[in-house]
Amino acid sequence: SNLPASCWSALHPANMLNSYNVKFQHSKALTSPYPGSHTERSQVPEDKVDWLAEWKDYNPVEYTAKSVLARPSWADPQIDHEGFSPKFNERDGEVERRSLMGSYVVENGRPRNPVGRTGLTGRGLLGRWGPNHAADPVVTRWKRDGSGSKVAHPVSGKNILQFVAIKRRDCGEWAIPGGMVDPGEKITATLRREFEEEALNSLQKSPEEKAKLEKQLQKLFSQEHLVVYRGYVDDPRNTDNAWMETEAVNYHDETGETMDNLPLEAGDDAGVVKWVDISEELELYASHSYFIKLVTEKRGAHWSEDPGSEC
């Protein structure tokens with residue numbers, strides 16, 4: 001837990017829960033007010049985040065958004081709803097209630113956030129009790145000059161990667177164009193669907209236009225890809241009883257031929273979409289900057305001007 005942030009990536013993602021610095025895991029998950037509301041979380045000191053830290057007076061605020069209580073198709077009922085008996089830590093019908101972090105505690109019928117206290121119980125804006133699974137496709141290419149040559153950073157000397165970023169409509173922050181895994185959906189299908197919907201506006205395309213996009217994307221999404229992270233996400237929507245987990249996967253267009261011919265167009269939850277140069281100066285939604293950093297390390301691309309920041 002005392003490793004510098006720049007060296008986290010040397011750890012295997014599946015084992016990172018016990019190696020994360022608590023401040024990294026719970027900075028955005030402790031912010032107030034809760035997104036889309038005026039609800040203030042109970043303050044949680046850093047030394048009280050861990051459930052193993054005794055805190056008899058812990059009194060978190062209870063909050064579940066009205067949009068969730070309205071029972072859309074993607075949301076569970078309230079935990080005490082008649083006939084609702086979720087199978088936590090299991091595949092529950094079409095709903096995946098297993099965590100990528102291993103088994104989690106269920107206390108008084110409610111699942112407990114595996115990373116620690118957040119100052120808020122209930123589900124907030126999240127639909128599922130327990131883990132809410134997402135998928136984040138990191139689509140990259142090399143930055144190139146007018147002659148088509150790769151552009152290296154003048155200080156680090158490493159080639160600069162670019163990735164497709166969207167500006168989220170809900171909070172205005174830049175992010176990877178990912179989204180939630182539908183019940184029964186495979187992660188690979190979610191990754192492709194979310195990229196098409198958010199970065200290519202496929203939902204507004206005609207069947208002919210959509211078929212053309214699918215054909216162009218086939219090469220990119222069928223090639224060998226790189227799983228850069230699987231696990232818990234430090235997300236401002238997390239609560240003591242509901243939290244975000246994701247699988248971040250890098251699809252890299254080495255030559256640029258595939259993505260150069262695809263017209264980026266913001267759609268669904270995106271306000272803006274564009275290619276963004278990758279560096280440590282990026283400030284992105286939730287844990288997305290961390291996922292992007294892992295990609296640069298795997299690809300040997302530029303991240304920081306400070307050579308001391310490399311592991």
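Is Lys 143 buried, partly exposed or exposed? With a relative accessible area of 25%, Lys 143 is partly exposed, where buried means under 20% relative accessible area, exposed means over 50%, and partly exposed is in between (1.4 Å probe, protein chains only). The views below come from a predicted model, in which local features need pLDDT of at least 70 and side-chain atom pairs count only at pLDDT 80 or more, while totals for chains, interfaces and linings use all residues. Residues are numbered from 1 along each chain as its sequence is written, and side-chain values use heavy atoms, with hydrogens and water left out.

**View A. The salt bridge between Lys 143 and Asp 277.** The side chains of Lys 143 and Asp 277 meet at 2.6 Å, N to O, a salt bridge being a side-chain nitrogen of Lys or Arg within 4 Å of a carboxyl oxygen of Asp or Glu. This pair links distant parts of the chain, with Lys 143 in the loop between β7 and β8 and Asp 277 in strand β13, 134 residues apart; helices (H or I, at least four residues) and strands (E, at least two) are DSSP runs, numbered from the N terminus. Asp 277 counts as partly exposed, at 30% relative accessibility. Side chains of opposite charge can pair when their charged atoms come close.

View B. Glu 214 is partly exposed at a relative accessible area of 29%, whereas Arg 192 counts as buried at 16% relative accessibility. Lys 293 is buried, with a relative accessible area of 11%, while Glu 297 is partly exposed, with 28%. A network of salt bridges also links Asp 182, Glu 185, Arg 193, Glu 194 and Glu 197, and the count of salt bridges comes to 20.

**View C. The largest nonpolar core.** This core has 56 residues, and those with the most contacts inside it are Val 139, Phe 163, Val 164, Phe 195, Tyr 229, Met 259 and Ile 292; a nonpolar core is a set of buried Ala, Val, Leu, Ile, Met, Phe, Trp, Tyr and Cys residues joined through side-chain atoms within 4.5 Å. Among the elements that each supply at least two residues of this core are β7 (130-142), β8 (161-168), α3 (187-199) and α6 (288-299), and the largest share, 6 residues, comes from β12. Leaving aside neighbours within four places in sequence, Ile 292 is in contact (heavy atoms within 4.5 Å) with Val 138, Phe 163, Ile 176, Ile 278, Leu 282, Leu 284 and Trp 303.

**View D. Helix α4 and its bend at Gln 216.** Helix α4 bends by about 35 degrees at Gln 216, the bend at a residue being the angle between axes fitted to the seven residues ending there and the seven starting there. The buried residues of this helix are Leu 213, Leu 217, Leu 220 and Phe 221, and the buried residues of α4 pack against β7, α3, β12 and α5 (257-260).

**View E. The aromatic pair of Tyr 229 and Tyr 290.** The rings of Tyr 229 and Tyr 290 are edge-to-face, 6.1 Å centre to centre and with 80 degrees between the planes; rings of Phe, Tyr and Trp (its six-membered ring) pair if their centres lie within 6.5 Å, and planes under 30 degrees apart count as stacked, over 60 as edge-to-face and the rest as tilted. Tyr 229 lies in strand β11 and Tyr 290 in helix α6, so the pair ties together parts that are 61 residues apart in sequence, and both residues are buried. Elsewhere, ring pairs link Trp 51, Trp 55 and Tyr 58 into a cluster, and the whole structure holds 10 aromatic pairs.

**View F. The surroundings of Gly 179.** Gly 179 lies in strand β10 (residues 179-180) and counts as buried at 14% relative accessibility. Leaving aside neighbours within four places in sequence, Gly 179 is in contact with Ala 134, Ala 135, Asp 136, Thr 190 and Glu 194. The C-alpha atoms of Gly 179 and Thr 190 are separated by 7.5 Å, although these residues are 11 residues apart along the chain.
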